[in-house]
Number of protein chains: 2
Amino acid sequence: MSAEELAALVNNDDVLGFSGFTAAGCPKAITIALAERAEKEHAKGNPFKVGMFTGASTGDSIDGVLARAHAIKFRSPYQSNQDLRNALNSHDASYFDLHLSELQQYLRYGFLPRPRIAILEACDVTDDGKVYLTSAVGISPTIARLADMIFIELNHYHPKTLAGMHDIYEPADPPFRREIPLYSPKERIGVPYIQVDPAKIVGIVETNLPNEVGAFTPADDLTNQIGENVANFLSSEIKAGRIPASFLPVQSGVGNVANAVLGAMGSNKDIPTFCIYTEVIQDSVIDLMQAGRVSFASGCSLTLSTPALENVYDNLDFFKQKMVLRPQEISNNPEIVRRLGLISINTALEADIFGNINSTHIVGTKMMNGIGGSGDFCRNAYLSIFTAPSTAKNGKISSIVPMVSHLDHSEHSVKILVTEQGVADLRGLSPIQRAETIIANCVAPEYKDILRKYLQLGQKGHTPQHIAAALSFHNTFNKTGDMRNVNFDNY
Amino acid sequence: MSAEELAALVNNDDVLGFSGFTAAGCPKAITIALAERAEKEHAKGNPFKVGMFTGASTGDSIDGVLARAHAIKFRSPYQSNQDLRNALNSHDASYFDLHLSELQQYLRYGFLPRPRIAILEACDVTDDGKVYLTSAVGISPTIARLADMIFIELNHYHPKTLAGMHDIYEPADPPFRREIPLYSPKERIGVPYIQVDPAKIVGIVETNLPNEVGAFTPADDLTNQIGENVANFLSSEIKAGRIPASFLPVQSGVGNVANAVLGAMGSNKDIPTFCIYTEVIQDSVIDLMQAGRVSFASGCSLTLSTPALENVYDNLDFFKQKMVLRPQEISNNPEIVRRLGLISINTALEADIFGNINSTHIVGTKMMNGIGGSGDFCRNAYLSIFTAPSTAKNGKISSIVPMVSHLDHSEHSVKILVTEQGVADLRGLSPIQRAETIIANCVAPEYKDILRKYLQLGQKGHTPQHIAAALSFHNTFNKTGDMRNVNFDNY
């Protein structure tokens, strides 16, 4: 069937589920036809919006085209597309944020609208309903099982020999759930395909389209310094005996800081060759694997630049022995994260002097991307590290403020804070001790005195916030465009 | 040995670990001698403060006497004693808050100072080092293993036949950790005693002292209405098929609202007989067990009034078949909470219209008790419910505000909010939809229009906070003593 024929089967108000996780493994043909259909319906004066569940962010051919077509009724859980971001910040699309590990079970529990249609990208499909995914898993097994109809994009860009890279496992729901029998990143607990009822496969569209993964900003002095700080801290923890000498599996967030951190860990001679247990496998992991510094990587997606993905596909025999892709309720599962004892490294948009983290909202109101897996990992990690540059916008914004303008990870989930300035080890410290340590070690020089002055303003109490001035950095930024203009006499 | 002789073995700056969880199962003789010793040292001009790890809150004979003696250097994780609260809010004692499930592993990992001395209350001790605890477990197995010296209070108030009530299990640490093999609240996975090296037992003090559990405030119209609202909501979820007809294990927080909720669930004919998997077993559980409405209770402590505890001890044959006490890293374990699929019901100090919860800090600065197990449970629950009266101080405080003054549980962990006014089901709602639902269903009548006005002030963005006015309710309360005086023209 054609993408247009399948798109014609979608009704206004339908709920759709998509394969993929980040731009890896997402459909990108039927959704373009769907956006065109929405625009035609709107031109006729008809309402046409759909509800959308994805693994995480997607490519422009899902979130971009549908946001621009004003065709999104609601969307969950994570996004990073500028047009979708504009739509949800202006309330054109309704958006709700979730820990990524929770989406599959909430769909099964009936807590969220059931997807009527699952749209999956596959590298192979068999007559008896075995669907072999491409470069990500996401929520695919669950939406394939719950949906009435399955649309498949059979994308020949991905080799059929990719089959075997995936480990598909869906736990039973309470009260029948058992342990998830995974005890090291390397183990497999499921099957390499999604088994569906072939009668539900309404149509298959053949495509040959590359992933829409954007290039990452290359590392620079700042991100390299953050990476060095993390790597040196970890090697000192090994020496102190607080991390086992054999090391522990590493989870690393997405983006250029995460790439720089992994790069620095790879270069650090005191850190042994390590395993990755994470959601997104980025370019740096592939480099470290070929350099023999990463021995295995378990993830939910191969979010690789086109050259890196083609490198993997050209050397599939090598990489299939060293990688596995899992559904996000397994890659991000609290049970597994805590059992394996992950060293979890995630990026903060903003931190406060008491150790709380804002991962999602710009100046407390505008959604950036969503919480993603950061909560799944940091809460249950062996050791949870957050990283951020100490300032943004040439120093006009301090990433470290008196009170975060939106809170995603409370003080309890934040053990170590790292900026290019240094490392604050917050374990066992009271709020006022945390503030002193963060100001001394992590805050940019031009903000140290301002934050020390704030701390003196603070009313008595365990956490000495001065409530009237707690958001003064943000108010000052909103009014003057520069947090350095803050004047506490105004509060 | 005498309590005084053992107290004399404690040095300034020592780190101590205590048995017990709430006032149940805590030592209460050696600590009184220790407080006297601290006061004598202070009178001589000598420093004398100790670091303290407990299960949760304790009785006055630990936290009260040592706080009044200014003998606490640091203290973690949870407390509820007025004198200790004053000490930590005035920074006389340093305090850091933790999810209760994490303390044992952080002690083992070396992330926190190692307790040199473990002080345990026992109902029996054998020559070969088997220690049988009394009415709680808490962190006892871990501190007994890590400490160089063990002091025991053999409290004859608790019958030796209590042996068998406890299930002591300590997981291995990563990379050697396996699954915690618990699949229903009723199962036992460990042994009924703590095995210690008898050579570490430095002394045993014999006592005969009741627990120091205070009486709970009895239920009233307000707490009963909250309880009814929770029970009716749960029965409607069963009818809708979103909770299995056989129901799921229940976790319920501590206090009079929690007691009222369990009471209302027990009276609701549409809720089947259920199991409890929680940290604190309160009086209401005992009543429901004898009424045949609770079939089994797994907890970390028997936090019972003296008559209720004596009822249990008088009928131990009955209750030992229906109860088990576990270490807090098992009673609160994320792996188990998510596997069993708990219905988790916890109390909020404050909520905001976007669904965030403050469990700990009064007006953002003063520590009330600590986060306790609420984070362990709500984050991993099948369904997470928070309850609060809609107002406090005769309406001068709205429990629901534009932005919580301290955030312990983010929007992602809060599915249902219940006040005496009604129920807000937040699943799948965007922030603005959550705000509209909470204002309509949960906010007190006199605050509805004020909060609707706030929402209109909100700047564009996914979460329409007005940063300058976000803490206006708290500022107004600090200035005038009544949140109803808020005037947004000032912002």
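**Cavities.** I searched the whole structure, a predicted model, and found ten cavities of 30 Å³ or more. For a cavity I took a set of points on a 1 Å grid over the protein atoms alone where a 1.4 Å probe fits but cannot get out. Points are joined across faces, edges and corners, and a volume is the space filled by probe spheres set on them. The largest cavity holds about 230 Å³ of space. I counted 21 residues in its lining (an atom within 4 Å of a point). Nearest the centre of that cavity lie A:Val404, A:Leu407, B:Met403, B:Val404 and B:Leu407. The lining divides into seven nonpolar, eleven polar and three charged residues, with Ala, Val, Leu, Ile, Met, Phe, Trp, Tyr, Cys and Pro as nonpolar, Asp, Glu, Lys and Arg as charged, and the others, Gly among them, as polar.

**Ground rules.** I number residues from 1 along each chain as its sequence is written, and letter chains from A in the order in which they are written. Local features need pLDDT of at least 70 and side-chain atom pairs 80 or more, while totals for chains, interfaces and linings use all residues; side-chain values use heavy atoms, without hydrogens and water.

**Symmetry.** I laid chain A on chain B with a turn of 180° and a shift of 0.0 Å along the axis, and the RMSD was 0.0 Å (least squares on C-alpha atoms of residues with pLDDT of at least 70 in both). The two copies are thus related as by a two-fold rotation axis. In chain A, the C-alpha of A:Glu335 comes closest to that axis, at 2.2 Å.

**Interface.** Which residue does A:Glu335 form a salt bridge with? The partner is B:Arg339, with the closest N and O atoms 3.4 Å apart. I count four salt bridges between the chains (a Lys or Arg side-chain nitrogen within 4 Å of an Asp or Glu carboxyl oxygen). The contact (heavy atoms within 4.5 Å) takes 81 residues from chain A and 81 from chain B.

Terms used
1 Å grid on protein atoms, 1.4 Å probe; cavity = no way out; pocket = protein on both sides within 12 Å on 5 of 7 lines; lining within 4 Å.
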